[in-house]
Structure formats: structure tokens, C-alpha cells
Amino acid sequence: MAVFETLTSAERARQLGNPEGAVGLAVADWLNENNRQANARSVALLGVEAGNRVLEIGFGSGRTAPDVIAQAADVTYCGIDISPTMVTEAATFNAALVASGKASFDLASAENMPFAEGRFDRVFSIGVIHFWTEPATALAEVRRVMRPGGSMLMACLAPREAPDFARPEYGFHLRDGAGWDALCRAAGFTDVDVETVESEQIAPDGAPIRRYAIIVRGRA
């Protein structure tokens, strides 16, 4: 039985938003397995090129970092997360990449990132932006740290047939495509493209289930 299945809706939401301790690590493992194909698709859609500096917001246990770095030559990966548990886990899992200077993992929030303006060629997140209570502030900060012409990709839950734990009282703030489009344009992004995608996943009880996600893309 997956640990996720034993949690209440409130506990599921809390561990997804800020994984903590042994339970948080188990939830992260379950997510990595369940979302493997969707995560790989998001990384591929980034269009990482040789020499790019890539930022991931909310890296979880850090399993996407090697995939990002493998996309092209001389890629540098930086990640931020609000969970101390995940920072420790990601840095440990990617110890060789950290030692070589190809990857770094920092404790920080999207609303206040410890990076200079125009540092990154690519910025992405998976399953994070639906937790943002102030998306306008966070998106403006994302725009600040991107170089002109750089691209961002954000994937999040769609309101359609959302799971029972994805509620505002539990910290989820689901928005439709039009809402994300408006927020991105207001933050200064251009070539904004928002699409809803459908995928087959496995529910905590092991049953197959369909989920709907929103993928938001834009250029700085």
C-alpha cells in the first residue's frame, strides 16, 4: 500500500506542498513513479540547448536534474525548493553532479529567489504553481531571473476533475487556462501558450485514473 493512500486529504495536500520527513520522502517516491512520463515530457518541451542555465522551482527529491543536464552539452542546473527535507534528499541523490558544479539545490521560495537578473535560459516547474497564493509576485520574480528571449514552462493541476485534496482550504489554488494566460502576460511574458493535457495515472489505491494538467509556456 502506498503511503499516500494512508493520508487524509489535508495531509496529502500538506505533503505535496511541502514534503517533510520520512512521509514526505515516501510521497515524493510515489510521485516520481506515477508522473515519470509526464515529467519526461515536460523536460523535453523545455528545449534545452548547449550551455543553457536551467532553473527548476520545486524540485522535490531532485530526480529531474540528471535528465535536464543530459539534454545538451554544458548544461548547468539550479533548483530551489521550500522543503528542507527535499533539499537534503536532492543534494544527496545528485551528489556527483553537485561536486562537479553541474547542479545546485537551494532552500528558497519562488517569490524571493537568490539569483541575479537574467541568469537563466530556461525556467520550469512541475506540480508547483497551483500552490502559489500570490502568483503575480512569483511570476514577476521568474521573469526577473530569466534572460531576454529565455523560455519558461510550468505544469500544474487543472480544475477539471481535480482530486479531492486539491482544495483552497488545503493550499491548492487551481486556475483555468485563461487565468494563467492573463497572469503570465501581466508579468511580462510573451508568446504565452496554455494547454490542457490529459494523462493516465495510478490512484493511491492502485486503480487507473485520468488526470488533467495545464502546461503554461512563455518567453521572457
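Let's start in the middle: the largest nonpolar core has 31 residues, and the members that touch the most others are Leu55, Ile57, Val123, Trp132, Val142, Met154 and Phe189. Strands E1 (53-57), E2 (76-81), E4 (120-126), E5 (146-157) and E7 (208-219), along with helices H8 (135-145) and H9 (177-186), each give this core at least two residues. Keep in mind that you're looking at a predicted model.

Pick out Val123 and look around. Setting aside residues up to four places away in sequence, Val123 touches Leu46, Leu55, Ile57, Val142, Met146, Ser151, Met152, Leu153 and Met154. There is also a second, separate core, this one of 22 residues, and Val75, Met86, Ala90 and Phe105 are among them.

Now stay on strand E4 and step back to Arg122, which lies in that strand. Is Arg122 buried or exposed? Its relative accessibility is 5%, so Arg122 counts as buried. What does the side chain of this arginine meet in there? A polar atom of the Arg122 side chain sits 2.9 Å from the backbone oxygen of Leu46, and a polar contact of 3.3 Å links the side chains of Arg122 and Ser151. If you leave out neighbours within four places in sequence, the contacts of Arg122 include Gly47, Val48, Glu49, Val54 and Leu55.

Another step back brings you to Asp121, also found in strand E4. Asp121 has a relative accessible area of 9%, which is under the 20% cut-off, so this residue is buried too. Its side chain is joined to that of Arg147 by a polar contact of 2.4 Å. Beyond the neighbours within four places in sequence, Asp121 is in contact with Gly51, Asn52, Arg53, Arg147, Gly150 and Ser151.

Follow the chain past the end of E4 and you come to His130, in the loop between E4 and H8. Not counting residues up to four places away in sequence, His130 touches Cys156, Leu157, Gly171, Phe172, His173 and Leu174.

What does the record say about this part of the chain? UniProt, in an unreviewed entry, places the feature "domain: Methyltransferase type" at residues 55-153. In the model, that stretch is 31% helix and 29% strand, and its end C-alpha atoms are 11 Å apart.

Next, head back towards the start of the chain. In helix H2 (residues 9-17), the buried residues are Ser9, Arg12, Ala13, Gln15 and Leu16. Helix H1 (3-6) and helix H3 are included in what covers them.

H3 itself runs over residues 21-34, 14 residues in all, and reaches 20 Å from its first C-alpha to its last, close to the 20 Å expected at 1.5 Å a residue. Its buried residues are Gly24, Val27, Ala28, Trp30 and Asn34. Why do they share a side of H3? They cover an arc of only 165 degrees around the axis, which puts them on the same side of the helix. The spacing makes sense in general terms: an α-helix has 3.6 residues a turn, so residues three or four places apart point the same way. On the other side of H3, Ala22 and Glu33 are exposed.

Most residues other than glycine have a negative phi. Asp74, in the loop between helix H5 (65-69) and E2, has a positive phi, near 55 degrees. With a relative accessible area of 66%, Asp74 is exposed. Glu161 sits in the loop between E5 and H9, and its phi is positive as well, near 50 degrees. Glu161 has a relative accessible area of 51%, and it is therefore exposed.

Definitions and conventions. Residues numbered from 1 in each chain as written. Predicted model: local features only at pLDDT ≥ 70, side-chain atom pairs only at ≥ 80, totals over all residues. Heavy atoms only, no water. Core = buried A, V, L, I, M, F, W, Y, C linked by side-chain atoms within 4.5 Å. Buried < 20%, exposed > 50% of the residue type's maximum accessible area, 1.4 Å probe, protein only. Helix = DSSP H or I, 4+ residues; strand = E, 2+ residues; numbered from the N terminus. Contact = heavy atoms within 4.5 Å. Polar contact = N/O pair within 3.5 Å; in protein donor to acceptor, adjacent residues only side chain to side chain. UniProt positions renumbered as here; feature names shortened; annotations may be inferred. Expected span 1.5 Å × (residues − 1). Arc of directions from axis to C-beta.
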